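Please read them alongside the sequence and the coordinates.

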Amino acid sequence: MMAKRPCRQCGKPNAVPPAHLCPTCKRVNKKAAAKRAHSARIFKTYGITGEQYDQLYELQGRKCAVCVTSTGASKRLAVDHNHETGEVRGLVCGRCNHNLLGAAHDTVDILKRAIAYLENPPARQLLQAPQ
């Protein structure tokens with residue numbers, strides 16, 4: 001039986017061709033490459049560094065700034081920004097970004113009307129009126 005080559009990164013004798021890295025080092029390198037690509041993309045698009053993204057994530061308690069339930073564990077939180085000024089507002093989950101803020105066109109008045117609607121729905125006046 002032929003011995004496996006040592007990993008080029010850590011030296012463990014279970015490296016797999018063609019990169020000759022052990023599964024652990026391969027996984028670590030892939031994760032680091034994804035983080036570098038994310039950092040480059042958010043810097044190019046929003047002008048914030050990967051470190052600033054991480055700081056904002058921690059500042060928000062590692063959750064979506066709007067629903068406070070999504071953690072970004074399975075899919076990173078999106079950088080929410082003002083489309084007119086480019087100002088970064090925070091990190092939000094896809095649902096809040098598209099279905100809530102996007103659907104309201106980032107208009108505060110629409111969101112205020114939605115709150116008023118939820119607090120006092122028109123059907124309540126009709127269906128709970130004394131007969």
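**Notes on the predicted model**

1. Histidine 81 counts as buried, because its relative accessibility is 17%; buried means under 20% relative accessible area, exposed over 50%, and partly exposed in between (1.4 Å probe, protein chains only). Histidine 81 lies in strand β1, residues 78-81. Apart from neighbours within four places in sequence, histidine 81 is in contact with Tyr46, Gly86, Glu87, Val88, Arg89 and Asp106, where contact means heavy atoms within 4.5 Å.

2. On provenance: this is a predicted model, in which local features need pLDDT of at least 70 and side-chain atom pairs count only at pLDDT 80 or more, while totals for chains, interfaces and linings use all residues. Residues are numbered from 1 along each chain as its sequence is written, and side-chain values use heavy atoms, with hydrogens and water left out.

3. The secondary structure consists of five helices and two strands, in the order α-α-β-β-α-α-α along the sequence. Helices (H or I, at least four residues) and strands (E, at least two) are DSSP runs, numbered from the N terminus. The protein is more spread out than a compact globule, because its radius of gyration is 24 Å, well over the 14 Å that the globule rule gives for 131 residues. That radius is taken over C-alpha atoms, and the rule is 2.2 Å times the number of residues to the power 0.38.

4. Along the principal axes, the C-alpha atoms fill a box of roughly 90 × 40 × 25 Å. Of the 131 residues, 21% count as buried. Among contacts with a separation of 6 or more, 29% are between residues 24 or more positions apart.

5. The largest nonpolar core has 13 residues, and those with the most contacts inside it are Tyr53, Cys64, Leu77, Val79 and Leu91. A nonpolar core here is a set of buried Ala, Val, Leu, Ile, Met, Phe, Trp, Tyr and Cys residues joined through side-chain atoms within 4.5 Å. Two or more residues of this core come from each of α2 (50-59), β2 (88-92) and α3, and α2 gives the most, with three residues. Apart from this core lies another, of five residues, among them Cys7, Ala15, Leu21 and Cys22.

6. Cysteine 64, leaving aside neighbours within four places in sequence, is in contact with Ser70, Leu77, Leu91, Val92, Cys93 and Cys96.

7. Asparagine 97 is found in helix α3, residues 94-102. Asparagine 97 counts as buried because its relative accessibility is 19%. Beyond four places in sequence, asparagine 97 is in contact with Ala78, Asp80, Val92 and Gly102.

8. Which backbone angles deserve a second look? Histidine 105 has a positive phi of about 55° although it is not a glycine, and aspartate 106 has a positive phi of about 55°, again without being a glycine. Most residues other than glycine have a negative phi. Histidine 105 is placed in the loop between α3 and α4 (108-119), and aspartate 106 is found in the loop between α3 and α4. Histidine 105 is exposed, with a relative accessible area of 61%, whereas aspartate 106 is partly exposed, at 29%.

9. The mean positions of the 21 positive and 9 negative charges are 19 Å apart. Lys and Arg count as positive and Asp and Glu as negative, with His and the chain ends not counted; the place of a charge is NZ of Lys, CZ of Arg, CG of Asp or CD of Glu.
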